[in-house]
Amino acid sequence: MMTGSERAVGEYLDRLERSLRRLPPRQRRAILEEVGEHLDDALAEPGPDPAEAAVRTALDRLGDPDDIAREARARFGMGSGVPSWTDALAIVLLLLGGFLWVSGWIAGVVLLWMSDVWSTRDKLVGTLVVPGGLLPAVWWAFRTTSCETSPRGEAVPARDRSYSRLRSGGAGLYAGSCAGPEAGGDHLSGRPSGAPGPKPSCGLPGSSDGPSSNAPCLA
Amino acid sequence: MRRGTLEYCVLALLRDEERYAFNLVRGLGAADGLVTSGGTLYPLLARLRKDGWVASSWRESPSGPPRRYYRLTPKGQDALDQFTDEWRRFRDAVDALMGGTR
């Protein structure tokens, strides 16, 4: 049976682990272990306080997990983790850059990898998932009779043809694009706290299950 | 400035004896204004260990459970000596200026 004190310590360590998630795993583990040992030490000290008050004092002295994470990022040269306007632009270009010829998307990928807001894993997802995620948008614009099964294979020729379509049906295209890249774009924009940038809000069933998601056949 | 100085304060605490982390946190906490919260010391210790300035090992402690003790490495000792020289020059220069404007 877990006491209130154990729960408080557990919650604190969980919060710390979440705050440290962008750190290399080895450093994250080291810090978590030692903070855990610190708490064991602090609570083993004889004191007049009842256990829960002692736990609260120990946790207060350790400080906010976010402060520890900020210190860790500074110590390991990982930047502030505060998103800048180029990070917002990276998201916009990744989502919509494919329609500004492919160069817009390439610029988005460059900005994405230059950023220090996202982890390597996030960047891989942003690079690999987002262009595949654009496929539903293209499909939406054309409403062709065939339902495409390869997220990468037919994307480029379909996108080429989409420029003429873009002029006539831009609104529909945008609606599709904001549903399509949900898997990649939402993953990125949800990561930094308070990240600026578009949040895809309209949902298309089946569009958010990762790199292998195919264009759903709604016709 | 505090961030840049703190790591050397940790090295200085380890100059004469091995200490475990909780003891280090208390040692630094006793120095007024050096550490805002104890937890921020752990990322620093992880960094110092990664750079090879300190090493740690598990040992029995005189009281309580086995603990991870930190000690200064030769590389850390060099860094500390160098900082100590620089710090004295810096402190004297600042003191001279501050004293002069009063």
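Predicted model: local features only at pLDDT ≥ 70, side-chain atom pairs only at ≥ 80, totals over all residues.
**View 1. Helix α2 of chain A and its buried residues.** Helix α2 of chain A takes in residues 25–44, and at 1.5 Å a residue its 20 residues should span 28 Å, which agrees with the 28 Å that lie between its end C-alpha atoms. The buried residues of α2(A) include Q27(A), E34(A), E37(A), H38(A) and D41(A). Also buried in α2(A) are A30(A), I31(A), L32(A), V35(A), G36(A), L39(A) and A42(A).

**View 2. The surroundings of E52(A).** E52(A) belongs to helix α3 of chain A, which is made of residues 51–62, and its relative accessibility of 46% places E52(A) among the partly exposed residues. When the neighbours within four places in sequence are left aside, E52(A) is in contact with G4(A) and S5(A). The C-alpha atom of E52(A) is separated by 8.6 Å from that of A8(A), although the two residues stand 44 residues apart along the chain.

**View 3. Chain B as a whole.** Chain B contains 4 helices and 3 strands, and, read from the N terminus on, its elements follow the order α-β-α-α-β-β-α. Of the 102 residues in chain B, 40% are buried. Where contacts in chain B join residues at least 6 apart in sequence, 49% of these contacts are between residues at least 24 apart.

**View 4. The open sheet of chain B.** In chain B, 3 strands form an open sheet in the order β1-β3-β2, and their pairing is antiparallel. Strands β1 and β2 of chain B are the edge strands, since each pairs on one side only. Strands of a sheet pair through backbone hydrogen bonds, in either a parallel or an antiparallel manner. Strand β1 of chain B, residues 19–20, is joined to β3(B) by 2 bridges, and here Y20(B) has Y69(B) of β3(B) as its bridge partner. Strand β2 of chain B, residues 54–59, is joined to β3(B) by 6 bridges, with the two strands running antiparallel, and R59(B) stands opposite R67(B) in β3(B). Strand β3 of chain B, residues 67–72, is itself mostly covered, with 5 of its 6 residues buried.

**View 5. Helix α3 of chain B and the residue G52(B).** Helix α3 of chain B runs over residues 41–50 and is mostly covered, as 7 of its 10 residues are buried. These buried residues of α3(B) are L41(B), Y42(B), P43(B), L44(B), L45(B), A46(B) and L48(B). Just after α3(B) comes G52(B), which takes a positive phi of about 80°.

How values were computed. Residues numbered from 1 in each chain as written. Chains lettered and ligands numbered in written order. Heavy atoms only, no water. Buried < 20%, exposed > 50% of the residue type's maximum accessible area, 1.4 Å probe, protein only. Expected span 1.5 Å × (residues − 1). Pairing = 2+ DSSP bridges. Contact = heavy atoms within 4.5 Å.
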